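Welcome! Please take a moment to look over the sequence and the model before reading on.

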Amino acid sequence: MRPGLVALAAASLLVLGAAPGEGPPRPLPARMADTGGGSQLITAVAPRAGSTSGTVTWWSRVDGRWVKAGSASARFGAKGLVRGTKRRQGTNTTPTGLYGLPYAFGIDKAPRGTTYRYRRVHQGSWWCQDNGSRAYNRWSEPRARDCRAAESEHLISYGALYAHALVIGFNYDRPVKGRGAGIFLHVKGRGATAGCVSVSRDAMRRILKWAEPKRRPHIAIGTASGATAITRY
């Protein structure tokens, strides 16, 4: 091989995460700063902060190594992605960061084999996004008196989008008013989201059957590189 080609091959390996002589690149979770401490992880990666599409991959830790369990194309917020600590409500941006997955829900019943806590959506099911409500960024059934309908999501009205979903723990444990509410991993629609991450219905069903509460799955959302690179989380 000519010297120029050798240099090019070496540079390509470095970009992929492996130096010459070190074998294949390490899987994405192995290159991350934190994976949440469990043995299951979902990664949602967009090429750039301004992207509205990318890839969701779910991983299992087996015998000390991260193994890819599945992958699917994904959609992000209509205004791209932004660091979770800087996000503002109503900006149509997807928050980057590492988050827990408190529970799943859906208009349809849980796929057979689902072990994750799964809450069915009913006519009276709402997700409160009213900054003035004590139920902010929480499921509310029936809708809390101090939670305005115009500032909330009537979950059943979302139809196929909420056939199945996982709550992403962004701004969830200690909600900061104005930062954002109702960030989910849910079924894809025709375009970008209002800040959620979406995948196909089939992928959503596969993820729910794969997720195991005892393995403490988390989701990491980020970009391929830059200030919001997923490897930083």
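## Where the model comes from

What you see here is a predicted model, and the description should be read with that in mind.

## The largest pocket

The largest pocket has a volume of about 330 Å³. It is lined by 22 residues, and those closest to its centre are Glu-153, Thr-193, Ala-194, Gly-195 and Cys-196.

What classes of residue make up the lining of the largest pocket? Twelve of the lining residues are polar, eight are nonpolar and two are charged.

Next, the inside of the protein. In soluble globular proteins, nonpolar side chains tend to be buried together. Here, the largest nonpolar core has 31 residues. Within this core, the residues with the most contacts are Ile-42, Val-56, Leu-166, Ile-168, Leu-185, Val-197 and Ile-221. Two or more core residues come from each of these elements: strand 1 (40–46), strand 2 (53–62), strand 3 (65–75), strand 12 (184–187), strand 13 (197–199), helix 2 (201–210) and strand 14 (218–223). Helix 2 gives the largest share of this core, with five residues.

To see one set of contacts up close, find Ile-168. Leaving out residues up to four places away in sequence, Ile-168 touches Tyr-99, Gly-100, Leu-101, Pro-102, Ile-183, Phe-184, Leu-185, Val-197, Ile-219 and Ile-221.

## Aromatic rings

How many aromatic pairs does the structure hold? There are eight. A pair of aromatic rings is described by the distance of the centres and the angle of the planes. For Tyr-158 and Tyr-162, the centres are 4.7 Å apart and the planes are at 15 degrees, and this pair is stacked. The angle explains the label, because planes under 30 degrees apart count as stacked.

Are the two partners buried or exposed? Tyr-162 is buried, because its relative accessible area of 2% is under 20%. Tyr-158, at 30% relative accessibility, counts as partly exposed. Both rings belong to one aromatic cluster, formed by Tyr-103, Phe-105, Trp-127, Trp-139, Tyr-158, Tyr-162 and Phe-184.

## Backbone details to look for

Most residues other than glycine have a negative phi, and most peptide bonds are trans. With that in mind, a few places in this chain deserve a look. Glu-141 and Pro-142 are joined by a cis peptide bond, with omega about 0 degrees. Pro-142 sits in the loop between strand 9 (138–140) and strand 10 (152–154).

Asp-63 is not a glycine, yet it has a positive phi of about 50 degrees. Asp-63 is in the loop between strand 2 and strand 3, and it counts as exposed because its relative accessibility is 78%. Asn-171 also has a positive phi, near 55 degrees. You can find Asn-171 in the loop between strand 11 (165–167) and strand 12, where it is buried, with a relative accessible area of 10%.

## A few residues in their places

Thr-35 lies in the loop between helix 1 (3–16) and strand 1. At 14% relative accessibility, Thr-35 counts as buried. Neighbours within four places in sequence aside, Thr-35 is in contact with Pro-29, Leu-41, Trp-66, Leu-98 and His-218.

Gly-191 belongs to the loop between strand 12 and strand 13 and is partly exposed at 26%. The C-alpha atoms of Gly-191 and Gly-132 are separated by 30 Å, and the two residues are 59 residues apart along the chain. Val-62, in strand 2, is partly exposed at 40%. Val-62 and Ile-183 are 121 residues apart in sequence and 29 Å apart from C-alpha to C-alpha.

Note on methods:
Residues are numbered from 1 along each chain as its sequence is written. This is a predicted model: local features need pLDDT of at least 70, side-chain atom pairs count only at pLDDT 80 or more; totals for chains, interfaces and linings use all residues. Side-chain values use heavy atoms; hydrogens and water are left out. On a 1 Å grid over the protein atoms alone, a cavity is a set of points where a 1.4 Å probe fits but cannot get out, and a pocket is an open set with protein on both sides within 12 Å along at least five of seven lines; lining residues have an atom within 4 Å of a point. Grid points are joined across faces, edges and corners, and a volume is the space filled by probe spheres set on the points. Ala, Val, Leu, Ile, Met, Phe, Trp, Tyr, Cys and Pro count as nonpolar, Asp, Glu, Lys and Arg as charged, and the others, Gly among them, as polar. A nonpolar core is a set of buried Ala, Val, Leu, Ile, Met, Phe, Trp, Tyr and Cys residues joined through side-chain atoms within 4.5 Å. Buried means under 20% relative accessible area, exposed over 50%, partly exposed in between (1.4 Å probe, protein chains only). Helices (H or I, at least four residues) and strands (E, at least two) are DSSP runs, numbered from the N terminus. Contact means heavy atoms within 4.5 Å. Rings of Phe, Tyr and Trp (its six-membered ring) pair if their centres lie within 6.5 Å; planes under 30 degrees apart count as stacked, over 60 as edge-to-face and the rest as tilted.
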